[in-house]
Amino acid sequence: MLKPLARWFHRRPLAGLVGLLGAPMAWLVVVYLGSLAALLVSSLYSLDSFTFNVVKHVGLQNYRELWQRPVYARVAMRTLGVAAAVTLVDLVLALPIAFYMAKVATPRVRRALGVALILPLWASYLAKAYAWRTFLDPAGGLLRKTLGWSPGFGLSGVVIVLAYLWLPYAILPIYAGLERLPDSLLEASADLGGRAGVTLRAVVFPILLPAVVAATIFTFSLSLGDYITVGIVGGKTQMIGNVISANFGVNNVPLAAAFAVVPMIIMVIYLVGIRRTGALENL
Amino acid sequence: MPVNKQRTIQLMACVVVSAFALNACSSSSKSPDTTVAAVADTAAGTTVAAATGGNEVVAGIKAPDIAAATAVGKGEGELNLIAWAGYTEKAWVDPFTAATGCKVNVKVGNTSDEMVQLIKTGDYDGVSASGDASLRLIAAGDVAPVNTALIPNYADVYPGLKGKPWNTVNAKSYGVPHGRGANVLMYNTDKVTPAPDSWSVVFDKASPYKGAITAYDSPIYIADAAVYLMATQPKLKITNPYALDATQFGAAVDLLKQQKSNIGEYWSDFTKQQAAFKAGSSVVGTSWQIVANLAKAEGTKVEAILPKEGATGWSDTWMIAAKAKHPNCMYLWMDHIISPAANAAATEYFGEAPSNPKACSKTADKTFCDTFHAGDEEYFSKIWYWTTPIAACLDGRTVACTDYSEWTKAWTEVKG
């Protein structure tokens, strides 16, 4: 039954390729690129100021609006700052943990740590964010009760919670990168008289850089688009995602779409910048 | 894994870059459509005529011609509603389902804007719209006129609620009134002493509750600032908080920007506000009576009052979606929700004045209708029902007023 079919495909390599990649490529082009294109097109429409229906008057009015009102630039800069801070915090936390897991821990401990890292990913994002709300609450939260101090709801709360949420995404690629680093290289460096600092700079860092870059891409891009955590522990602050969601809420889809282009541009600049360093090739 | 990752990243870059390329193609190919779209838009008919001078309020809204139902048949078995919190509880929904066979699914809307956005999806049969949503829905053709002759209980509704600008356009009724009330000032009775009687506790720069003040996260909250300014800064000559010229609007927005430094959190999800009062991170701010009721039932020490400056408020109307898939069930629902028993149960649960005077004898608390001033038009003249601000000043002045799209942009700026 299957044999003639296999023979048929064997004689037509192109058909085989289409059969293999057709469905995922169609999904990528139609659903993924299609929705992106729809987003970009609708960012050129405008909104009827009374009925709040989207009007198909094509123009750059939404981008002009974003340019002219300083509030949007301020929100974008704040978001950028939060994403950078989250990335920094995650790197500082992830590097030693990943190093310990890859180079120091016994296989048993390593497995336990791996499970401990993956486990929180099974819990709902919302449940974790709301749990942090009870920690951070400035009036009767757990931090206030135990430490007598809490950062409260606001930007610092957002950075803490986002750094917590994305930590596994930072540790896992760095751990994978460190595992690829043979212990013999560290020993060779030591044999040749390299102290810890030199070994780190000349041996570990160049090999680890692509993994670190991968980790920052995750933490940075995930933070850039987040708005739910901001809504839960952000107090009165807003980030790009909140402004987009608020505009979507008043049916101002065109302005929301135009503002959604901003994080896309930021990510493109980020990726192009990384490409320049050559990290993408070594990954 | 690292190889996969490289692929993923290259793919991501590829997708983003080609998306930009696509944009370039699509924006040029899109322009021929413009004229067609413009024509279609005029046909939808949403012109707002300017005030013609004098003190006559003209907000000539051209509603698309949609026919009202002429008969109500058997229920279709299902009904999808957009409703304010507390409007569709089991106690009065279950009897409806039992009597009509219409299974009720509810999506709670947190703000009027959300409701307007939701109904545009076309997935819903009806909505409990406040005045700041209803006109937008009518003008956009999202809701259909209602044949009130098909709704027996409509005859009993207070005359003061019928034929109002927010539920009637061009002498066509667009729904049945549900109830009305004021946005109240809620405070924690332990932490806020002496008990406040003015909105100054939330607007005063030197408020002692800095950091624990909450405000409603919606552009319509600008009207709350305007109500406060109306009482405290007569020089601005605000006569209607929804009719603000550039100067008055600027003053209201400035007040809100100043207020922001004292705000702990904005709220739009009422359950989150209830939780914030319970935890104590919010101690004073604008709220709804139902939040106060629920918080009290939970043991949180709160009280809700109507401050001396007056307040914004709402007068809600059940409207039927123009594209309702279950119109019979919606008609049956509109009749049910203003029937004495259901109207009493729903408005008493929420804490607002019912629309049907016969509901007053069905409430659990017999003084309920007096407490909430049902039918007391004198009292309600002090409440500024949510209304959509439009360019033609609602108070009849001939200057330009700020419209709601300005309000939404200003709200983004207030939040910074």
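## Chain A: elements and overall form

Chain A contains 14 helices and two strands, where helices (H or I, at least four residues) and strands (E, at least two) are DSSP runs numbered from the N terminus. Its radius of gyration is 24 Å, well over the 19 Å that the globule rule gives for 283 residues, so chain A is more spread out than a compact globule; the radius is taken over C-alpha atoms, and the rule is 2.2 Å times the number of residues to the power 0.38. Along the principal axes, the C-alpha atoms of chain A fill a box of roughly 75 × 75 × 40 Å.

## How the model is described

This is a predicted model, in which local features need pLDDT of at least 70 and side-chain atom pairs count only at pLDDT 80 or more, while totals for chains, interfaces and linings use all residues. Residues are numbered from 1 along each chain as its sequence is written, and chains are lettered from A and ligands numbered from 1 in the order in which they are written.

## Chain B: two domains

In chain B, the domain assignment, whose bounds come from an automatic or database source, gives domain 1 (78-180 + 313-385) and domain 2 (182-312 + 390-415). The C-alpha centres of these two domains of chain B lie 25 Å apart.

Their contact takes 14 residues from domain 1 of chain B and 16 residues from domain 2 of chain B, two residues being in contact if their C-beta atoms, placed from the backbone, lie within 7 Å. On the domain 1 side, the elements that give two or more residues are α4 (112-119) and β15 (383-385) of chain B.
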